[in-house]
Amino acid sequence: MMALNCSTFSRLISGAQTAAEACAQRAVQQTCGRYRVCRRYSSVTPEENRLEQVCVSDSDTTAQVRELPAGHRRVLKDVLPFSAFLTDSFGRRHNYLRISLTEKCNLRCQYCMPQEGVKLSPRSQLLTTEELLTIARLFVRQGVSKIRLTGGEPLIRPDALHIIAELRKLEGLKTIAVTTNGMNLSRLLPGLKKAGVDLLNISLDTLVPAKFEFIARRKGFHKVRDGIEEAIEMGYNPVKVNCVVMRGLNEDELIDFVSLTERKPLDVRFIEYMPFDGNRWNFKKMVSFQEMLDCIKQKWPNLEAVPGEETDTAKAFRVPGFRGQLGFITSMSDHFCGSCNRLRITADGNLKVCLFGNSEVSLRDILRSGAPEEELLHIIGAAVGRKKKQHAGMLNISQMKNRPMILIGG
């Protein structure tokens, strides 16, 4: 347990007051020995900020504890204020950062990239390895505990393994995840494991090789399937399989995908088709969560919900007796904006606070201007503070200007 004395409180207060310049905070009175001190909290929910019981021994060796609504007790070190710079005006704490390593991809999936391709940023406008790591270090010091590397296709970046190994050295970073299309996975799996990748998400939208080529506009089905199998053999559990469901293309394969979870530690995640520039989204192509769930329940009426964390993006289910599970990412029909804890850095160094928002802030330009870290933090805090309560809804999103998914970090 962590011993808290007056000098400790002084340091905590000092740090919080500095952060207050970037984000509004509230004050809560706490006891420190014989003194009452003002403890500044970032904009968390009133329930989280309420200290029902604080216990401090005269010897200052007992950690402070708070009584939670459910009657559970938690050590104060677990409820200390999260960084004000990464806390928005609705109390959402952003401890999950997605970083795009590249805009390039070796597939041309219909839901991700326009048929004619995309105009790539000049190399000089992309984050260098050191710039990327500098940004990652800054976010981790502010409380980010999970980083997911995306693309384009992140595993085609030549120094991807080096970046992962450097991220692994960051104190406080608990989880490194990679989202990949699986084309290069078999070859790189040993290196990814050694470098410290904790979680793998592999995109696979069909179990039919000919249909794979139609959706991805490239061959490679067997490479992806082999990569999934080898990831399981290497001990990744679960291996997450991302499937974007599109009417007229693959909604007839829902049962086949769920069947994969019977004997393998797979977490198949069905993703509602989302609108981005160039992917010709329309409402008729989208298969909703409820429609998918009803279809699967016709085969397995005893399908049961799996409890998850508040910040999970997927609604999880399991067929009793199956080794793996399935989930639904319902961004369109049932958004989860209220518990969003994710921020995104694009390959060209822009901060996006919402996947569906079209506002961006260039951290690359600020870094290259030689601005001090404090200035960078204030700009990040201001962007996070402007994050809206929720996205605009599927019909409005479909009409908004935004990057193609390939350039956001899908």
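This is a predicted model: local features need pLDDT of at least 70, side-chain atom pairs count only at pLDDT 80 or more; totals for chains, interfaces and linings use all residues.
Residues are numbered from 1 along each chain as its sequence is written, and side-chain values use heavy atoms, with hydrogens and water left out.

**The chain as a whole**

The chain has 13 helices and 16 strands. Both kinds of element are DSSP runs, numbered from the N terminus: helices are H or I with at least four residues, and strands are E with at least two. Of the 410 residues, 53% count as buried. Buried means under 20% relative accessible area, exposed means over 50%, and partly exposed lies in between (1.4 Å probe, protein chains only).

Contact means heavy atoms within 4.5 Å. Take the contacts in the chain with a separation of 6 or more: 69% of them come from residues 24 or more positions apart.

**Helices 3, 4 and 5**

Two helix pairs share helix 4 (residues 160-168). Axes here are lines fitted to C-alpha atoms, for helices over the stretch in contact, and angles run from 0 to 180 degrees between N-to-C directions.

| Helix pair | Axes come within | Crossing angle |
|---|---|---|
| Helix 3 and helix 4 | 11 Å | roughly 30 degrees |
| Helix 4 and helix 5 | 9 Å | roughly 20 degrees |

How do helix 3 and helix 4 run relative to each other, parallel or antiparallel? They are roughly parallel. Angles under 35 degrees count as roughly parallel, over 145 as roughly antiparallel, 65 to 115 as roughly perpendicular, and the rest as oblique. Helix 3 (residues 129-141) passes helix 4 in a right-handed crossing. A crossing is right-handed if the near helix is turned clockwise from the far one by less than a right angle, and left-handed if anticlockwise. From helix 3, Thr129, Leu132, Leu133 and Ala136 meet His162, Ile163, Glu166 and Leu167 in helix 4.

Helix 4 and helix 5 are also roughly parallel to each other. Helix 4 passes helix 5 in a right-handed crossing. Helix 4 brings Leu161, Ile164, Ala165 and Arg168 to this contact, and helix 5 brings Leu188, Gly191, Leu192 and Ala195.

Look at Gly191. It sits in helix 5 (residues 185-195). Gly191 counts as partly exposed because its relative accessibility is 24%. Gly191 and Ala160 are 31 residues apart in sequence, yet their C-alpha atoms are 9.9 Å apart in space.

**Ala383 in helix 11**

Ala383 belongs to helix 11 (residues 373-385). Ala383 has a relative accessible area of 6%, so it is buried. Which residues does Ala383 contact, leaving aside its neighbours within four places in sequence? They are Leu351, Val353 and Val361. Ala383 and Ser359 are 24 residues apart in sequence and 9.0 Å apart in space, C-alpha to C-alpha.

**Rings and charges**

Rings of Phe, Tyr and Trp (its six-membered ring) pair if their centres lie within 6.5 Å; planes under 30 degrees apart count as stacked, over 60 as edge-to-face, and the rest as tilted. This rule gives 7 aromatic pairs. One of them is Phe317 with Phe328, an edge-to-face pair at 5.7 Å centre to centre, with 75 degrees between the planes. This pair links distant parts of the chain: Phe317 is in strand 12 (residues 314-318) and Phe328 is in strand 13 (residues 325-329), 11 residues apart. Phe317 and Phe328 are both buried. Ring pairs join Phe257, Phe270, Phe289, Phe317 and Phe328 into a cluster.

Two lysines meet tyrosine rings. A charge sits over a ring if NZ of Lys or CZ of Arg is within 6 Å of the ring centre and within 35 degrees of the ring normal. The charged end of Lys146 sits over the ring of Tyr96, 4.5 Å from its centre. Lys193 lies over the face of Tyr236, at 4.2 Å from the ring centre.

Gly151 and Gly152 are joined by a cis peptide bond, with omega about 5 degrees. Gly152 is in the loop between strand 6 (146-150) and helix 4. A cis peptide bond also joins Asn237 and Pro238, with omega about 0 degrees. Pro238 lies in the loop between helix 7 (221-233) and strand 9 (239-245).

Arg217 has a positive phi, near 60 degrees, in a residue other than glycine. Arg217 is in the loop between helix 6 (209-216) and helix 7. The relative accessible area of Arg217 is 25%, so Arg217 is partly exposed.
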